[in-house]
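Subject: Structure handover

Hello,

Here is the structure I said I would pass on.

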Amino acid sequence: MCTLRRPKFAPLAAWLLIQTLALVGDASGQFEGMRGRVPTDANTLVLIDAERLFGSRVADEQRWNARRRAAFDAGLSALAPDASQVVIAGRMDLEFGQSVWEVAMARFSAGRDVSAVAQRFGGEMDRIVGRTAARLPNDSIVVQISPQLLGTHTPASRQDVSRWLTSTDKTSLDAQLSDYLQTAFGFATRVGTPIIMAIDLGGGFSAAQAATRLASFSAITDADGGVAAVDELADLAASLQGATLGITVGDTVGGAIRLDFDKSPASVAKWLKPIVIESLRNRGAMIDDFETWNPSIEGNTFLLRGTLSVAGLRRALSVLELPPSLSEALEVASSSSSTGSGGASPSQLYFQQITQLLDDLREKPRRDGVSTFGQAAIWYSRYARKIDQLPILGVDPMLLGFGADMANGLRQAEMAMRGVGMRSSVRTAQNSGNSGPAVAWGVAGYNGYGGWRAGFIDPRAGSREQGRANAVIRTEERVSGAAFVRQVWQNIDEATATIRREMTTKYEVEF
């Protein structure tokens, strides 16, 4: 059973973990037929101008455009090369950090046929509000809005899809979106910012909720005057209207994070960057480049501005995944029938996709600069979900069992990595509780899980030794977590070799 967990007070971090990504063209008419179909209660939105992104000098130097068909594996794109415009919006439960619904629309230069999606993913064909649709096993419905425009709705509620299409057939652009998300559209259309990610947070947090979360932030509690600033920061947080990330791509990649409030944050400005950084780290969504970004205040807006490395851009985009029905299904939903990789069987394709995902995950920490267990755990969870959502129609049952085992193995590794921090916190807290008064306990000896044994030395020795012991605890937990993950990968390698032999023998073709 899935347990909903209350997130720490980290609106920007939660926003960065929203599982969406979009590719859009430029000019004010670029969202024609799409912007007006965003439901009015949306509070999340991500827009990317593919032409500016892939036509920039840095993209040319890095050969992004030449690699665009394989860009999903590189973390730079999640759509077919001819995808020109996409709008993805959703509603997130801000209290629990859970997606309520998600709508995605993609426009292509050539026609698409939604039946190709259903055929590959084992979906069921339907007609909804006069449009061809397919219900997919991953709890989404893909709709043929027009010959070159496909849309998805998650969860796969036929009634909700029907109401979505009917209501947006009738409403005007002026009736769509909150003021905050409309402003985000303006950054893409009027300013021309190629990558925009925004979340409307107005009314999402009370001062009391914010104070509780902020009281646990080391950026505040460990700094002079931080505790005294909690109430003022909490009051400011309650006035937070939204957060937006804009990324520009030219000779270099630059960006800005903006937090928009109802009042000036100037009096507590020095705390805002540390809070944002700690929030992102706590959620495993930190991009190291943000550390060097410069803070500033403009009216009621707090800004962080700076440059992004190529690895930082890749991480920013790959954190925001497309729904599988758009990231994978749209690649094969072409007007001309796709036969897969050289006519390979469904079982061969399934095996190849799993091994490619595993290879990509194995390289991700080095390639994307993942430096903490929390960051890595997010990717293990995402890749397990990717395996779960692969097309399974016509796949050998033994291979399906192999895929399930691989996904479960990644989830076990995820839990082990997430547990490193929790176990360290529990043990260091116990150590602190067992250490006794600093003047009575010292360096006479630390005996692991059992805590301390007595030995008075000097009034300062206890705190020094406690710090050393805490460092030992954290190291032990990191080593234990890393060893478990290595064992998971050893099991994956052994299982992959075994199933490859079995499938090759059974079908007399190479897997």
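The notes below go from the whole chain to single residues.

Overall picture

This is a predicted model. The chain has 18 helices and 12 strands. Of its 511 residues, 52% are buried. Taking contacts between residues at least 6 apart in sequence, 69% join residues at least 24 apart. The accessible surface is about 22,500 Å², and carbon and sulfur atoms account for 51% of that.

Confidence

The mean pLDDT of the chain is 75, with 72% of the residues at 70 or more. Where pLDDT is low, the predicted coordinates should not be read in detail.

The largest nonpolar core holds 50 residues, and the members that touch the most others are Leu214, Leu233, Ile247 and Phe290. Helix 11 supplies the largest share of this core, with 6 residues. Leaving aside residues up to four places away in sequence, phenylalanine 290 touches Ile257, Lys273, Ile277, Leu280 and Leu308.

Leu214 also belongs to helix 8 (residues 207-214), where it is buried along with Ala210, Ala211 and Arg213. These four cover an arc of only 165 degrees around the axis, so they sit on the same side of helix 8. Ala208 and Thr212 are exposed on the other side. What do the buried residues of helix 8 pack against? Their partners are helix 9 (218-221), helix 10 and helix 11.

Salt bridges

The whole structure contains 10 salt bridges. One of them joins aspartate 235 and lysine 263, with the closest N and O atoms 2.2 Å apart. Aspartate 235 is in helix 10 (residues 230-237), while lysine 263 is in the loop between strand 10 (253-261) and helix 11 (269-282), so this pair ties together parts that are 28 residues apart in sequence. Both ends are partly exposed: aspartate 235 has a relative accessibility of 38%, and lysine 263 has 34%.

Arginine 305 and glutamate 298 form another salt bridge, their closest N and O atoms being 2.8 Å apart. Arginine 305 is partly exposed at 36% relative accessible area, as is glutamate 298 at 45%.

A further salt bridge links the side chains of aspartate 396 and lysine 506, at 2.7 Å from N to O. Aspartate 396 is in the loop between helix 16 (373-388) and helix 17 (397-434), and lysine 506 is in helix 18 (residues 461-507), so the pair ties together parts 110 residues apart in sequence. Are the two ends buried or exposed? Aspartate 396 is buried, at 3% relative accessibility, whereas lysine 506 is partly exposed, at 47%.

Arg37, Arg131 and Asp169 are linked in a salt-bridge network.

Proline 397 is in helix 17. It is exposed, with a relative accessibility of 66%. The C-alpha atoms of proline 397 and serine 347 are 9.2 Å apart, although the two residues are separated by 50 places in sequence.

Backbone points to check

Most residues other than glycine have a negative phi, and most peptide bonds are trans.

- The peptide bond from threonine 154 to proline 155 is cis, with omega near 5 degrees. Proline 155 is in the loop between strand 7 (149-154) and helix 6 (158-170).
- Valine 129 has a positive phi, near 50 degrees. This residue lies in the loop between strand 4 (124-128) and strand 5 (131-136), and is partly exposed at 34% relative accessibility.
- Glutamate 508 has a positive phi of about 55 degrees. Its place is in the segment after helix 18, where it is exposed, with a relative accessible area of 71%.

Regards

Key: Residues are numbered from 1 along each chain as its sequence is written. This is a predicted model: local features need pLDDT of at least 70, side-chain atom pairs count only at pLDDT 80 or more; totals for chains, interfaces and linings use all residues. Side-chain values use heavy atoms; hydrogens and water are left out. Helices (H or I, at least four residues) and strands (E, at least two) are DSSP runs, numbered from the N terminus. Buried means under 20% relative accessible area, exposed over 50%, partly exposed in between (1.4 Å probe, protein chains only). Contact means heavy atoms within 4.5 Å. Accessible areas come from the Shrake-Rupley method with a 1.4 Å probe; for residues, only the protein chains shown count as cover. A salt bridge is a side-chain nitrogen of Lys or Arg within 4 Å of a carboxyl oxygen of Asp or Glu. pLDDT is the predictor's confidence in each residue, from 0 to 100. The arc is that of the directions from the helix axis to the C-beta atoms. A nonpolar core is a set of buried Ala, Val, Leu, Ile, Met, Phe, Trp, Tyr and Cys residues joined through side-chain atoms within 4.5 Å.
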